[in-house]
Amino acid sequence: MYNKKIKEDNMNKQDFNEGLLGFLDASPTPFHATLNMSLMFANAGFTKLNEVDKWELEAGKKYYVTRNDSSVIAFTYPKEHTNYVMVGAHTDSPNLKLKPNPVIKEHGIVKFGVESYGGLLLTPWFDRDLSLAGRVSFLDTQDKLQSVLIDVKKSIATIPSLAIHLDDKANKDKTVNKQTDVCPVLTTDDSFDYDMFLRWQLENAGRPDVKEIYASELSFYDTQKASYIGLSDDFIASARLDNLLSCYVGMLSLCSVNDEKPMLFIASDHEEVGSESTSGAAGSFLESTLKRIAPEYDEYMKMIRSSIMISADNAHAIHPNFPFKHDSKHTPHLNKGVVIKVNANQRYASNSVTISKFMDSAKSINEALQHFVTRSDMGCGSTIGPITATRLGIETIDVGLPTLGMHSIRELAGSSDALSLYKILVAFKN
């Protein structure tokens, strides 16, 4: 149901969240998320572009383009290329990535060596049902290089906890070693062959023509489905809410606006590790796309300085068991609205002008807003907002949806907040 087109005039929370849950389940990696968003854009009438081709853009049409199969930009193309409302999010989430030579056979068990990606909260990964997904690159029987997405789907691994009898500090001073403690176990069959395993997955993905496997980018994920939680379905629990929640909202917002509204959506990869890549926000993807939308320098600068970037990334809701971790005057609550994020040291790019524009748009449709400022004696997470603002010189605001358990294998958000952000983005006037 992730590619269901929802009409703005028939929107309600149940319809919206039905599509959201499906999108979360169908997107275990940035590659799958980008593919699913591309399918949504194609279904909504967007024309696919290729970066290596010459672009012949036509006024009144809408387009999308991908890079590295893990980042996507989509945009309307009205006659006037000014006053764009741009929405930015990221496709990646903290996870356990498979190492190139992952197989470890010892102590009667076959396990995989993994590397922690991003600021991963490790302890929740123990004793979960795990599967594997990502991209595999290979040489086919025609001696051509190919890349295919795979998703095992079946629960094939787990990371067993050490029994409390063998760890008297388990409930006191628990530490996790990223090299030795979190290797998922797969089987007791010592004859396991990794190359044959990948060939089998590629065959299941419709590619039986594999001559030689060269490389892969595979990640473990929790097979538990996204779902409602709470007496009145108050919450949404899922993996990868940070930041597929914002990806879905931004994607659907662009698909719902009038084609003549100047609007652009970008979902970048590698935010969780600093965004410094060809497909990350610190790369050239957005800048080069905008320069092709407005090829003349003066036209390009006019577009940049008249537009706004809404960087949408999850915000820290106040934790009911740890309220002292928050500034008492800036405590976002679940299901109380979108959060405006502010930081004096520019870890967030919000300023008084962009905040006022966002507040005015929310006020025009009676949507509640909240504010978040981290405690002055604590560090602050970063987003694509400051990176994009610095690279492009575009006025930017950082907003997010209140979340608990951020960077856990299963995060928690309010079931009303995503729809609220969607309504604000669709109604936003720049």
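Let me start with what D92 touches. Leaving out residues up to four places away in sequence, D92 touches P30, Y117, D242, N243, S268, D269, H270, E271, E272 and V273, where contact means heavy atoms within 4.5 Å. This is a predicted model, in which local features need pLDDT of at least 70 and side-chain atom pairs count only at pLDDT 80 or more, while totals for chains, interfaces and linings use all residues. Residues are numbered from 1 along each chain as its sequence is written, and side-chain values use heavy atoms, with hydrogens and water left out.

Where does D92 sit? D92 is in the loop between strand 4 (85–90) and strand 5 (95–106). Strands here are DSSP runs of E of at least two residues, helices are runs of H or I of at least four, and both are numbered from the N terminus.

D92 is buried and has no salt bridge. Buried means under 20% relative accessible area, with a 1.4 Å probe and protein chains only. A salt bridge needs a side-chain nitrogen of Lys or Arg within 4 Å of a carboxyl oxygen of Asp or Glu. The nearest side chain of opposite charge is K97, 7.9 Å away; Lys and Arg count as positive, Asp and Glu as negative, and His and the chain ends are not counted.

Which backbone nitrogen does the D92 side chain reach at 2.9 Å? That of E272. The D92 side chain also reaches the backbone nitrogen of H270, at 3.3 Å.

Next, V65, in strand 2 (residues 61–67). V65 counts as buried because its relative accessibility is 1%. Beyond its neighbours within four places in sequence, V65 is in contact with residues including L49, W55, F285 and T289. V65 and T289 are 224 residues apart along the chain, yet their C-alpha atoms are separated by 8.8 Å.

Now helix 6, residues 297–306. Its buried residues are Y300, M303, I304 and S306. Their cover includes helix 5 (285–293), strand 14 (308–312) and helix 8 (384–392).

Finally, the whole chain. The protein chain has nine helices and 20 strands. Its radius of gyration is 22 Å, close to the 22 Å that the globule rule gives for 430 residues, so the chain is as compact as a globular protein of that length. That radius is taken over C-alpha atoms, and the rule is 2.2 Å times the number of residues to the power 0.38. Buried residues make up 53% of the 430. Among contacts between residues at least 6 apart in sequence, 76% join residues at least 24 apart.

How values were computed:
Buried means under 20% relative accessible area, exposed over 50%, partly exposed in between (1.4 Å probe, protein chains only). A polar contact is a pair of N or O atoms within 3.5 Å; within protein, one must be able to donate a hydrogen and the other to accept it, and residues adjacent in sequence count only if both atoms are side-chain atoms.
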